[in-house]
Amino acid sequence: MSVIIKGKETDRRIAEGLRDTFVSQYNDVAAFQMLLDTLGDNCLDRLIHRLKIEEKIDLFKDYVALKSIAEEVRAKGNREIFIEVCKEDEARAWINDNGKYHPLVFEALYKVYRNSERLAPYLKDKKDKR
């Protein structure tokens, strides 16, 4: 996967090193799953809360289903999330992440969650009401 990182020259070199380290460290499914697990259980609630803010979804009605979808994405979307992290092309995102990878992984997890086919009916229902 060849993604050209954008930013200042020095930032790009640092970011490429950080991305290469990430790929070599977490290209294994089990290792990446351990990284996902370090995000903690509250990351699922953060996904749902962010979606609620962006889409104005009724949590009282749909919370259990949204949480179930988030759990499934985190458990089964391992490779898709890894690829999404590797697609990050902003040098500052890698540098600001400081080698912890939590912000990058959370953003990738959110993108995969947001694009989940199981989530579509909840987003469609909301758009139909507008």
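In this predicted model, Asn78 is in contact with Val29, Phe32, Gln33, Leu36 and Val73, leaving aside residues up to four places away in sequence. Asn78 belongs to helix α5, which spans residues 78-86. Its relative accessibility is 7%, and Asn78 therefore counts as buried, the cut-off being under 20%.

Helix α2 contains three buried residues, Phe32, Leu35 and Leu36. Because they cover an arc of only 100° around the axis, they lie on the same side of α2. An α-helix has 3.6 residues a turn, so residues three or four places apart point the same way. The cover over the buried residues of α2 includes α1, α4, α5 and α7. After α2 comes Gly40, which has a positive phi near 85°.

Two packed helices are described by the angle between their axes and the distance between the axes. The axes of α1 and α2 come within 7 Å of each other and cross at roughly 110°. An angle of 65 to 115 degrees counts as roughly perpendicular, so α1 is roughly perpendicular to α2. The residues that make this contact are listed by helix below.

| Helix | Residue range | Contact residues |
|---|---|---|
| α1 | residues 9-26 | Phe22, Gln25 and Tyr26 |
| α2 | residues 29-38 | Ala31, Phe32 and Leu35 |

By class, the contact of α1 with α2 comprises five nonpolar residues and one polar residue, with no charged residues. Phe32 takes part in this contact on the α2 side, is buried, and is also touched by Asn78.

Conventions
Residues numbered from 1 in each chain as written. Predicted model: local features only at pLDDT ≥ 70, side-chain atom pairs only at ≥ 80, totals over all residues. Heavy atoms only, no water. Axes fitted to C-alpha atoms, helices over the stretch in contact; angles between N-to-C directions. Helix = DSSP H or I, 4+ residues; strand = E, 2+ residues; numbered from the N terminus. Parallel < 35°, antiparallel > 145°, perpendicular 65-115°, else oblique. Contact = heavy atoms within 4.5 Å. Nonpolar A, V, L, I, M, F, W, Y, C, P; charged D, E, K, R; others polar. Buried < 20%, exposed > 50% of the residue type's maximum accessible area, 1.4 Å probe, protein only. Arc of directions from axis to C-beta.
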